[in-house]
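Me: I would like to go through the labels used for this model and the cut-offs behind them. Please set each value against its definition.

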Amino acid sequence: MPKAPARRPPLLQSSDFTSYLNEKCAQLAPGDVKTLLTQAKAIRARAAELSVQRPRMRQQIDFSLMLVEEHWAGGCPQIPYHTVAMLSVALLYFSDPLDVIPDWIPTVGTTDDAVVFELACGLARAGIERYCTWKGLPVEGLLRPPRRAPEKPKARRPAAAPTKARKSRR
């Protein structure tokens, strides 16, 4: 019987995308945000095409643009710049059609973009939650529910060792 071929690890893992996001987030300057906002109309048009195929990503894109635009206008100074930068990097990644998986490939072309938005929203979770609370917006649909740590089985106490009865002194 022939052996099954060994499974190869994926070429890219989520840790690769996380490293990319963190690196670009640290490099993002306010001028880059300004440049991004000049592309907002085109980004919204591309996102509109995703309504059926990737509705969650569409919601994340719309939300990200709203937050970044409001930040740029000075409307939400209490939101950490890390959140603004992280979502801006995700938007810039989405705006480039020639990324890891070129967007012109049917069905799978936006898979990497969806991964980037999921990771960016997860990395910017605290700021997103703060913004949503401040604006009275629901967080549902933007963020994955937080992972619960697996419950540890309760440790069983060992049975008490039998003790010798004390002799009573008379």
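Reply: Start with burial: a residue is buried under 20% relative accessible area, exposed over 50% and partly exposed in between, with a 1.4 Å probe and protein chains only. The model is predicted, so local features need pLDDT of at least 70 and side-chain atom pairs count only at pLDDT 80 or more, while totals for chains, interfaces and linings use all residues. Residues are numbered from 1 along each chain as its sequence is written, and side-chain values use heavy atoms, with hydrogens and water left out.

Me: Why is Cys76 called buried?

Reply: Its relative accessibility is 1%, and the limit for buried is under 20%. Cys132 also counts as buried, at 1%.

Me: Why is the pair of Tyr20 and Tyr93 called edge-to-face?

Reply: Rings of Phe, Tyr and Trp (its six-membered ring) pair if their centres lie within 6.5 Å; planes under 30 degrees apart are stacked, over 60 edge-to-face, and the rest tilted. The search of the whole structure finds 4 aromatic pairs. For Tyr20 and Tyr93 the centres are 5.7 Å apart and the planes are at 70°, so the pair is edge-to-face.

Me: What makes this pair a tie between parts apart in sequence?

Reply: Helices are DSSP runs of H or I with at least four residues, and strands are runs of E with at least two, numbered from the N terminus. Tyr20 lies in helix 1 (residues 14-27) and Tyr93 in helix 5 (residues 81-95), so the pair ties together parts 73 residues apart in sequence. Tyr20 is partly exposed at 31%, whereas Tyr93 is buried at 8%.

Me: Why are Tyr131 and Trp134 called tilted?

Reply: Their ring centres are 6.0 Å apart and their planes are at 50°, so the pair is tilted. Both residues lie in helix 7 (residues 125-135), 3 residues apart, about one turn of the helix. Tyr131 is buried at 0%, while Trp134 is partly exposed at 42%. Ring pairs link Phe63, Tyr131 and Trp134 into a cluster.

Me: How do you know that the charged end of Arg46 sits over the ring of Phe94?

Reply: The criterion is NZ of Lys or CZ of Arg within 6 Å of the ring centre and within 35 degrees of the ring normal. The charged end of Arg46 is 4.2 Å from the centre of the Phe94 ring and is listed as sitting over it.

Me: Why does Glu118 count as buried, and what is it in contact with?

Reply: Glu118 has 19% relative accessibility and counts as buried, the limit being under 20%. Contact means heavy atoms within 4.5 Å. Leaving aside neighbours within four places in sequence, Glu118 is in contact with Arg56, Gln60 and Arg144. Glu118 is found in helix 6 (residues 111-123).

Me: How do you know that the buried residues of helix 1 line one face?

Reply: The buried residues of helix 1 are Phe17, Leu21 and Cys25. Seen down the helix axis, they fall within an arc of 65°, so they line one face; the arc is that of the directions from the axis to the C-beta atoms. They pack against helix 5 and helix 6.
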